[in-house]
Amino acid sequence: MGAIYFKNHLLVFLLISLLAVARPKPLSHWEIHIKNALKNGQRLFVHCKSKDDDLGARTLKSGTEFKWDFKVNIWDTTLFWCYLCKDQQRDECAFDAFWVEKKTEWLRIKCKDLRCFWTAEDRGIFLLDGSRNVDEYLHPWKMIPPYQ
């Protein structure tokens, strides 16, 4: 009984030590904003989710935003994607609003202080480049094909 008890505790200690070494930084806390900047009072349908969390569908009035915050999971696999659609029009866009970068720091640089500001405009979807304080055009609207 003593040897099994010792082995179990040693295994738990080794596992905790491995996690501490593999994850030297705390879990990152991020904030994501989706803003409706469409002209002429157009409303924006927004539906964002991850594999584990469906943030729900909502319609934003012009000039308003939807935001959420979260911590990156311990496996560094957190991914949120959004579907946006212009109200009363046939334009839509689906894109990744957050992903964990393993090889670059692109998103971390754009999203200053771990806050990403996505904006839906008439031309398409923009992300605020926090390093330059400039909205960067990233995604065009796509026309929804008519029903056949």
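Biologist: In which sense do strand S8 and S9 pair, parallel or antiparallel?
Modeller: This is a predicted model. In it, strand S8 covers residues 124-129. Six bridges join S8 to S9. The sense of the pairing is antiparallel.

Biologist: Which residue in S9 is the bridge partner of aspartate 129?
Modeller: Strand S8 ends at residue 129. Strand S9 runs over 134-140. The bridge partner of aspartate 129 in S9 is valine 134.

Biologist: Which strands stand at the edges of the five-strand open sheet?
Modeller: The order is S4-S1-S7-S8-S9, with mixed pairing. Two of these strands each have a single partner strand, so one side of each is left without a neighbour in the sheet. Those edge strands are S4 and S9.

Biologist: Where is histidine 29 found, and is it buried, exposed or partly exposed?
Modeller: Histidine 29 is found in strand S1, residues 29-36. Its relative accessible area is 41%. Buried would need under 20%, and exposed over 50%. Histidine 29 is therefore partly exposed.

Biologist: With which side chain does the side chain of histidine 29 make a polar contact?
Modeller: Beyond its neighbours within four places in sequence, histidine 29 is in contact with Asp69, Phe70, Lys71 and Leu114. The polar contact is at 3.3 Å. The partner is the side chain of aspartate 69.

Biologist: Which element gives the most residues to the largest nonpolar core?
Modeller: This core has 29 residues. Ile34 is among those with the most contacts inside it. Elements that give two or more residues include S1, S2 and S5. The top contributor, with four residues, is S6.

Biologist: Which strands does the disulfide of cysteine 48 and cysteine 82 tie together?
Modeller: The two sulfur atoms are 2.0 Å apart. Cysteine 48 is buried at 0% relative accessibility, and cysteine 82 at 1%. The pair ties together parts 34 residues apart in sequence, because the cysteines lie in strands S2 and S5.

Biologist: What is the handedness of the link of cysteine 111 and cysteine 116?
Modeller: These cysteines form a disulfide, with sulfur atoms 2.1 Å apart. Both cysteine 111 and cysteine 116 are buried. The angle about the S-S bond is 110°, and the link is right-handed.

Technical notes
Residues are numbered from 1 along each chain as its sequence is written. This is a predicted model: local features need pLDDT of at least 70, side-chain atom pairs count only at pLDDT 80 or more; totals for chains, interfaces and linings use all residues. Side-chain values use heavy atoms; hydrogens and water are left out. Buried means under 20% relative accessible area, exposed over 50%, partly exposed in between (1.4 Å probe, protein chains only). Contact means heavy atoms within 4.5 Å. A polar contact is a pair of N or O atoms within 3.5 Å; within protein, one must be able to donate a hydrogen and the other to accept it, and residues adjacent in sequence count only if both atoms are side-chain atoms. Two strands pair if DSSP finds at least two bridges between them. A nonpolar core is a set of buried Ala, Val, Leu, Ile, Met, Phe, Trp, Tyr and Cys residues joined through side-chain atoms within 4.5 Å. A disulfide is a pair of cysteine sulfur atoms within 2.5 Å.
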